[in-house]
Amino acid sequence: MGRPAKLYRLTEAADQVFPQASARIALDLLARLESMKGPEAVEKLLQARLRDLLKRYQEQLRGARSWAKKLKILAEIRESEGYLCDSEPAPTSEAKGGLRLVEHHCPLADLARQHPAVCKYELELFRRVLGEPGLRRVAHIGSGEHACVYELPKAAE
């Protein structure tokens, strides 16, 4: 009688099972930043994120020589970040025989809906980290597509 004989507490792994408010708070903070400092403040923040990701991605891609290897590593990086990502041959006529990166899920979709520049910087990140300015996005979750798809031009190969 009295106090329980055993005490239980949640581990960090269990935190993911319960609702989190961090995404909502991040969106609120960006909206507040934009209202206080203007849209250019959000752009500067996204540019800083681009620089940080570019440095980290380049480090992980160091040593990859072929386009297939680069895209495979990039897909693994994005997969670890929650994008449900893979690389595969490109079936479209312009890139026939080329390669593409497919993100089947976007953990930033809510953020991108309110701040479309997020997607602009993602494309820029991929172009710069791969060293291929001709990389293009041919499908976009933010436009109602089932995935974000990025294709390397056949000439890049």
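**Figure 1. The second largest cavity of the predicted model.** The second largest cavity has a volume of about 50 Å³. This and the other views come from a predicted model. Its lining is formed by Y83, C106, L108, A112, V118, C119, E122 and C148. Helix 6 (117-130) supplies three residues, the largest share of the lining of the second largest cavity. Sorted by class, that lining has seven nonpolar residues, no polar residues and one charged residue.

**Figure 2. The largest cavity.** Two cavities of 30 Å³ or more turn up in a search of the whole structure. The largest cavity holds about 60 Å³ of space. Lining the largest cavity are C106, A109, A112, R113, C119, H140, I141, G142 and C148. C106, A112, C119 and C148 are listed for the largest cavity and also for the second largest cavity. Helix 5 (109-114) gives the most to the lining of the largest cavity, with three residues. The lining of the largest cavity consists of six nonpolar residues, two polar residues and one charged residue.

**Figure 3. The largest pocket.** A volume of about 390 Å³ is computed for the largest pocket. The lining of the largest pocket has 21 residues, and L46, R49, L108, L111 and V118 are those nearest its centre. Helix 2 (22-37), helix 3, helix 5 and helix 6 each contribute at least two residues to this lining. Helix 3 provides six residues, the largest share of the lining of the largest pocket. By class, the lining of the largest pocket comprises 17 nonpolar residues, four charged residues and no polar residues. L108 and V118, listed among the residues nearest the centre of the pocket, also line the second largest cavity.

**Figure 4. Helix 3 and its packing.** Helix 3 covers residues 39-61 and has the highest confidence in the protein chain, a mean pLDDT of 96. Helix 3 has 23 residues and spans 32 Å from its first C-alpha to its last, close to the 33 Å expected at 1.5 Å a residue. The buried residues of helix 3 include A41, V42, L46, L50, L53, L54, Y57 and L61. An α-helix has 3.6 residues a turn, so residues three or four places apart point the same way. The buried residues of helix 3 pack against helix 2, helix 4 and helix 6. L46 is buried in helix 3 and is one of the residues nearest the centre of the largest pocket. Just after helix 3 comes G63, with a positive phi of about 95°.

Figure 5. Helix 4 (residues 67-80) has 14 residues and reaches 20 Å from its first C-alpha to its last, close to the 20 Å expected at 1.5 Å a residue. Buried residues in helix 4 include W67, K70, L71, I73, L74, A75, I77 and R78. Their cover includes helix 3, strand 1 (85-89), strand 2 (99-103) and helix 6. G82 follows helix 4 and has a positive phi, near 95°. L84 sits in the loop between helix 4 and strand 1. L84 is not a glycine, yet its phi is positive, about 50°. L84 counts as partly exposed because its relative accessible area is 47%, between the limits of 20% and 50%.

**Figure 6. W67 in helix 4.** W67 is found in helix 4. W67 counts as buried because its relative accessible area is 16%, under the 20% limit. W67 and I141 lie 74 residues apart in sequence and 24 Å apart in space, C-alpha to C-alpha. I141 is one of the residues lining the largest cavity.

**Figure 7. S143 in the loop between strands 3 and 4.** The loop between strand 3 (136-139) and strand 4 (148-151) contains S143. S143 counts as exposed because its relative accessibility is 56%, over the 50% limit. S143 and R113 are separated by 30 residues in sequence and by 9.5 Å in space, C-alpha to C-alpha. R113 belongs to the lining of the largest cavity.

**Figure 8. Confidence along the protein chain.** The protein chain has a mean pLDDT of 88, with 93% of its residues at 70 or more. Confidence is lowest in helix 1 (residues 12-15), where the mean is 78, and highest in helix 3.

Definitions and conventions
Residues are numbered from 1 along each chain as its sequence is written. This is a predicted model: local features need pLDDT of at least 70, side-chain atom pairs count only at pLDDT 80 or more; totals for chains, interfaces and linings use all residues. Side-chain values use heavy atoms; hydrogens and water are left out. pLDDT is the predictor's confidence in each residue, from 0 to 100. Helices (H or I, at least four residues) and strands (E, at least two) are DSSP runs, numbered from the N terminus. Buried means under 20% relative accessible area, exposed over 50%, partly exposed in between (1.4 Å probe, protein chains only). On a 1 Å grid over the protein atoms alone, a cavity is a set of points where a 1.4 Å probe fits but cannot get out, and a pocket is an open set with protein on both sides within 12 Å along at least five of seven lines; lining residues have an atom within 4 Å of a point. Grid points are joined across faces, edges and corners, and a volume is the space filled by probe spheres set on the points. Ala, Val, Leu, Ile, Met, Phe, Trp, Tyr, Cys and Pro count as nonpolar, Asp, Glu, Lys and Arg as charged, and the others, Gly among them, as polar. The expected span of a helix is 1.5 Å times one less than its number of residues. Contact means heavy atoms within 4.5 Å.
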